[in-house]
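I opened this entry to keep track of what I looked up in the structure. The notes follow in the order I made them.

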Amino acid sequence: MRLREILQQKGRSVVGIGADRTVLEAARTLVEHGIGSLVVQDDGHLLGIITERDILRLTARSVPLEETLVRTAMTVDVVTTTPDAELQATMTTMTERRIRHLPVLSEDGGLEGLVSIGDLLNACRVEAEAENTHLREYIQGAG
């Protein structure tokens, strides 16, 4: 399965925030949408990503979230992928790099969507269930 198929099923909607917003606003947006990351964009270009983990690191250092801008807390060296990436290869990348959210970019750099490790695990589950059903039907038909 390719990421394109996962995005078609889950949707391509991505919640973002501006780099000049506060980290407190980012945290509130995460809570409001029940998500774990926000893409940081300017004029449609991906500048970075800010995650729950980024915000927790600031909180642990007692950094005032209401005074800190997203641009200073976001990850700028964002690992990205393409819609044609394979599910298993993407899972390997996310596991090895210890990331939970991965922006999916088109060839021209446009944001196509965002996948989470949960999205990928769900896709694996769906694939496994379909394979089990197929095998059960095959075995029952062979008897």
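I began with confidence: pLDDT is the predictor's confidence in each residue, from 0 to 100. The model is predicted, and I found that the protein averages a pLDDT of 93, with 99% of the residues scoring at least 70. By element, I noted the lowest confidence in α6, at a mean of 87, and the highest in α2, at 98.

Next I looked up helix α3, residues 52-60. I listed Asp54, Ile55 and Leu58 as its buried residues. Viewed down the axis of α3, they fall within an arc of 95°, so they line one face of the helix. I recalled that an α-helix has 3.6 residues a turn, so residues three or four places apart point the same way. The buried residues of α3 pack against α2 (23-33), β3 (45-51) and α4 (70-73). On the face turned away from the buried side I found the exposed residues Leu56 and Ala60. After α3 comes serine 62, with a positive phi near 60°.

I then turned to helix α5, residues 87-97. Its buried residues are Leu87, Thr90, Met91 and Met94. They cover an arc of only 100° around the axis, which puts them on the same side of α5. On the other side I noted Glu96 and Arg97 as exposed. Just after α5, arginine 98 has a positive phi of about 60°.

Salt bridges came next, and I counted nine. Glutamate 86 sits in the loop between α4 and α5 and arginine 2 in the segment before α1 (3-10), 84 residues apart. Both are partly exposed, glutamate 86 at a relative accessible area of 35% and arginine 2 at 34%.

In the pair of aspartate 84 and arginine 4, the closest N and O atoms are 2.6 Å apart. Aspartate 84 is in the loop between α4 and α5 and arginine 4 in helix α1, so this pair ties together parts 80 residues apart in sequence.

For aspartate 119 and lysine 10, I noted 2.9 Å between the closest N and O atoms. Aspartate 119 is in helix α6 and lysine 10 in helix α1, so the pair ties together parts 109 residues apart in sequence. Lysine 10 is partly exposed, at 40% relative accessibility.

Last, I checked the surface. Leu135, Tyr138 and Ile139 make a nonpolar patch of about 350 Å². Leucine 135 lies in helix α6, residues 117-142, and is partly exposed, with a relative accessible area of 40%.

How values were computed: Residues numbered from 1 in each chain as written. Predicted model: local features only at pLDDT ≥ 70, side-chain atom pairs only at ≥ 80, totals over all residues. Heavy atoms only, no water. Buried < 20%, exposed > 50% of the residue type's maximum accessible area, 1.4 Å probe, protein only. Helix = DSSP H or I, 4+ residues; strand = E, 2+ residues; numbered from the N terminus. Arc of directions from axis to C-beta. Contact = heavy atoms within 4.5 Å. Patch = residues over 30% accessible without salt bridge, like charges linked within 9 Å, V, L, I, M, F, W, Y side chains within 5 Å. Areas by Shrake-Rupley, 256 points an atom, 1.4 Å probe, with all protein chains shown as cover. Salt bridge = Lys/Arg side-chain N within 4 Å of Asp/Glu carboxyl O.
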